[in-house]
Amino acid sequence: MEILLYPDPKLRVPGEDVKKITNEFLAKTAEMFRLMYEARGLGLAATQVGWPVRAFVLNLAAEPPTDQNGGQETICINPRIVGESGRCNEEEGCLSFPGVRGNVVRSDKVKLEYYDEKGRSTVIEESGLPAIAIQHEMDHLDGRLFISRMTLASKLKVASKLKELEAQFAGEV
Ligand SMILES: [Zn+2]
C-alpha cells in the first residue's frame with residue numbers, strides 16, 4: 001500500500017460503501033495510519049491508497065497517540081455529513097499533493113454520522129481544523145480533489161507545481 005500522488009486517475013474513483021468490518025479491513029486501516037504518520041498528515045482517505053471504499057482515518061496530532069500529544073485515532077466508516085453551517089477560508093494541504101497548499105472555502109461546522117471500527121453508529125459535531133479535515137476527506141471518498149475547490153488566487157499560485165507533479169507522474173522528470 002502507498003499513498004497515490006496527483007494526477008493518479010485512481011484518486012478520482014469514488015469509494016463504495018463498506019459492507020463488513022473484517023480483520024482484513026482493520027489491518028488495512030492500520031496500514032493507512034502508518035502511511036499517514038510517515039507523511040506527517042492528519043487525515044487519509046482509503047481512495048488515496050487505491051482502495052475504493054468509503055472510509056477515512058484521522059488523527060489531528062499527525063503522529064501516533066501518546067499521553068503528551070493528545071492524539072486520538074478515529075476511523076470513519078460510511079460517513080455522511082448530516083449538518084453543516086458557517087463559512088471558513090483556510091489553507092489546506094493534501095498528502096496526494098506534495099508541496100501544494102492553497103485556500104479552500106468550506107463550512108466552519110459539520111455534523112458527521114459514521115460507523116466506528118467496532119461498527120457502532122456515531123455522531124460528532126466539529127468546527128475549525130477537524131471540520132475542515134472531515135470535509136477534505138469526504139471529498140476524497142467522492143473522488144473529488146481539493147484543487148477543484150481552491151480559490152482562484154490559490155489555483156493560480158499552485159498551477160506550476162501541479163504541472164511539475166503531472167510531469168513526474170508521466171515519467172518526464
Ligand atoms: Zn487530501
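Strands are DSSP runs of E, at least two residues in length, numbered from the N terminus. In this predicted model, strand S4 covers residues 88-93, and glutamate 92 lies within this strand. With a relative accessibility of 5%, glutamate 92 falls under the 20% limit and therefore counts as buried. Its side chain makes a polar contact of 2.7 Å with the side chain of arginine 106. When residues up to four places away in sequence are left aside, the contacts of glutamate 92 are Val100, Arg101, Gly102, Val104, Arg106, Ile132, His136 and Phe146. Valine 104, one of these contacts, is 12 residues from glutamate 92 along the chain, and the two C-alpha atoms are separated by 6.9 Å.

His136, another residue touched by glutamate 92, is also a donor of the zinc ion. Along the chain, the donors follow the spacing C-x41-H-x3-H. Helix H2 spans residues 129-141; because histidine 136 and histidine 140 are four residues apart in this helix, about one helical turn separates them. Histidine 136 and histidine 140 are both buried.

The side chains of serine 107 and arginine 87 are joined by a polar contact of 3.5 Å. Beyond residues up to four places away in sequence, serine 107 touches Glu84, Ser85, Gly86, Arg87, Cys88 and Gln135.

Across the whole structure, a search returns four aromatic pairs. In one of them, the ring centres of tyrosine 6 and phenylalanine 97 are 4.8 Å apart and the planes meet at 25°, so the pair is stacked. This pair links distant parts of the chain, with tyrosine 6 in the segment before helix H1 (23-38) and phenylalanine 97 in the loop between S4 and strand S5 (101-106), 91 residues apart. Tyrosine 6 and phenylalanine 97 are both buried. In the pair formed by phenylalanine 25 and tryptophan 51, the ring centres are 5.3 Å apart and the planes are at 55°, so this pair is tilted. Phenylalanine 25 belongs to helix H1, whereas tryptophan 51 is in the loop between strand S1 (43-45) and strand S2 (55-58); the pair therefore ties together parts 26 residues apart in sequence. Phenylalanine 25 and tryptophan 51 are likewise buried. One aromatic cluster is formed by Tyr6, Phe97 and Phe146, and Phe146 is also among the contacts of glutamate 92.

The largest nonpolar core contains 17 residues, and those with the most contacts inside it are Met32, Leu44, Val49, Trp51 and Val57. Two or more residues of this core come from each of the elements H1, S2 and strand S3 (74-85). The most is given by H1, with six residues. Leucine 44 touches Ile3, Met32, Leu35, Met36, Val49, Phe56, Val57, Leu95 and Glu137, when residues up to four places away in sequence are not counted. A second, separate core has 14 residues, including Val104, Ile147, Leu162 and Leu165. Val104 is also a contact of glutamate 92.

Definitions and conventions: Residues are numbered from 1 along each chain as its sequence is written. This is a predicted model: local features need pLDDT of at least 70, side-chain atom pairs count only at pLDDT 80 or more; totals for chains, interfaces and linings use all residues. Side-chain values use heavy atoms; hydrogens and water are left out. Donors are N, O and S atoms within 2.8 Å of the metal (3.2 Å for Na, K and Ca); water is not among the atoms, so sites may look incomplete. Buried means under 20% relative accessible area, exposed over 50%, partly exposed in between (1.4 Å probe, protein chains only). Contact means heavy atoms within 4.5 Å. A polar contact is a pair of N or O atoms within 3.5 Å; within protein, one must be able to donate a hydrogen and the other to accept it, and residues adjacent in sequence count only if both atoms are side-chain atoms. Rings of Phe, Tyr and Trp (its six-membered ring) pair if their centres lie within 6.5 Å; planes under 30 degrees apart count as stacked, over 60 as edge-to-face and the rest as tilted. A nonpolar core is a set of buried Ala, Val, Leu, Ile, Met, Phe, Trp, Tyr and Cys residues joined through side-chain atoms within 4.5 Å.
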